[in-house]
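Hello,

Here is the structure I promised to pass on to you. Please open it beside this email and look for each residue as you read.

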Amino acid sequence: MPSGSQSPLPPSWSLLGCGALGGVFAALLTQSGQPTQVLLRERHRATLHPVIDFTGLDGQHGLLSIARGFLADNPPIRRLLVMTKADQVIPALQLLVGKLDKSVPIVLLHNGMGVAERVAELFAENPIIAGVTSHGALQQGHFVFRHTGRGETWLGPVNEQGRHFAHLADRLAQALGQAGWDEQILARQWHKLAINCAINPLTALYRIKNGELTGPRFADTLQQVCIEVADVMNAEGIATTHEELARRVQSVAGLTADNYSSMQQDLEQGKETEIEAITGFLLAKARLHGIMVPVNQGLYQAVKDRHQAER
């Protein structure tokens, strides 16, 4: 190596999963001055990778140049932010098993639950951090993203190593405007799951925006969903009431009234949904505790049936 030269530093963030929310986060991180690379699937290697076309909440539109990388090339990674769909997390990370430096924190930001524990098994020495976010995002084309709603983002440790990375919330806050650290992230994950169980299947099945759930048409169904979820949460040691869950659902549906849920978008596009990691996870916990959840079971089956019929 020539005198005075050195290996380039890895980007501040390596982002795995460039769907709607991943694209928005990549853009916001880049705009905040934190160098970011997006890690793409192998099939994208030979395709055009334009700059990211990004529209912010203020309507400002711009083109952002963001580096790309491929896991098969073993790119340098400083912090790994995983924003794929829940069912894609493990297959994507398999390529890094035995290759990722044990000091690299893995931050999981996906809908649903049950995946973080499997990641912690695969990467037993790495810091594993779970997160929840309520930002709204829309993918309008090939690397064309729109930030549709500001939300809250919370991170917390999955394993002991993860407890030393509370500062990552501060880094995300620089880009998102707010991000916090919560040692009891499991409770926040459950509350996010409850909201997803209520909003995602109904908006997907009825092809509606989130805001339409705030009217009387769905009041009874939403109440029953919340009653069932609250029963399971309490059995899991997460104290709540169905009234509290219903208030949260109404609040989120109202704040994201003009948004289409990710599940609605997935079904419309014929893609796999995250129903297994959302309602499917709830059903598994309900069976474990012997709790009947017929309304959630019906929504789960309806989403599965519609996806199968439209494939």
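This is a predicted model: local features need pLDDT of at least 70, side-chain atom pairs count only at pLDDT 80 or more; totals for chains, interfaces and linings use all residues.

Let me start with a definition: a charge sits over a ring if NZ of Lys or CZ of Arg is within 6 Å of the ring centre and within 35 degrees of the ring normal. With that in mind, find R188, which lies over the face of W154 at 3.6 Å from the ring centre.

Next come the aromatic rings. A pair of them is described by the distance of the centres and the angle of the planes. How many aromatic pairs are there? The count comes to two. One is formed by W190 and F281, a tilted pair with 5.6 Å from centre to centre and 55° between the planes. This pair links distant parts of the chain, since W190 belongs to helix α5 (residues 185-206) and F281 to helix α9 (residues 276-289), 91 residues apart. Both W190 and F281 are buried.

Another pair brings together Y206 and F218, whose ring centres are 5.1 Å apart. Their planes meet at 75°, so this pair is edge-to-face. Because Y206 lies in helix α5 and F218 in the loop between α5 and α6 (219-235), the pair ties together parts that are 12 residues apart in sequence. Are these two residues buried or exposed? Y206 counts as partly exposed, at 42% relative accessibility, whereas F218 counts as buried, at 4%.

Now for the cysteines. How many disulfides does the count give? It comes to zero. C18 is another buried cysteine, with a relative accessible area of 18%; the cut-off for buried is under 20%.

Finally, have a look at the strands. Strand β3 (residues 52-55) and strand β4 (residues 61-64) run antiparallel and are joined by four bridges. Within them, D53 in β3 stands opposite L63 in β4. The two strands form a hairpin with five residues between them. In the turn you will find G59, which has a positive phi of about 85°.

Enjoy exploring!

Best wishes

How values were computed: Residues are numbered from 1 along each chain as its sequence is written. Side-chain values use heavy atoms; hydrogens and water are left out. A disulfide is a pair of cysteine sulfur atoms within 2.5 Å. Buried means under 20% relative accessible area, exposed over 50%, partly exposed in between (1.4 Å probe, protein chains only). Rings of Phe, Tyr and Trp (its six-membered ring) pair if their centres lie within 6.5 Å; planes under 30 degrees apart count as stacked, over 60 as edge-to-face and the rest as tilted. Two strands pair if DSSP finds at least two bridges between them.
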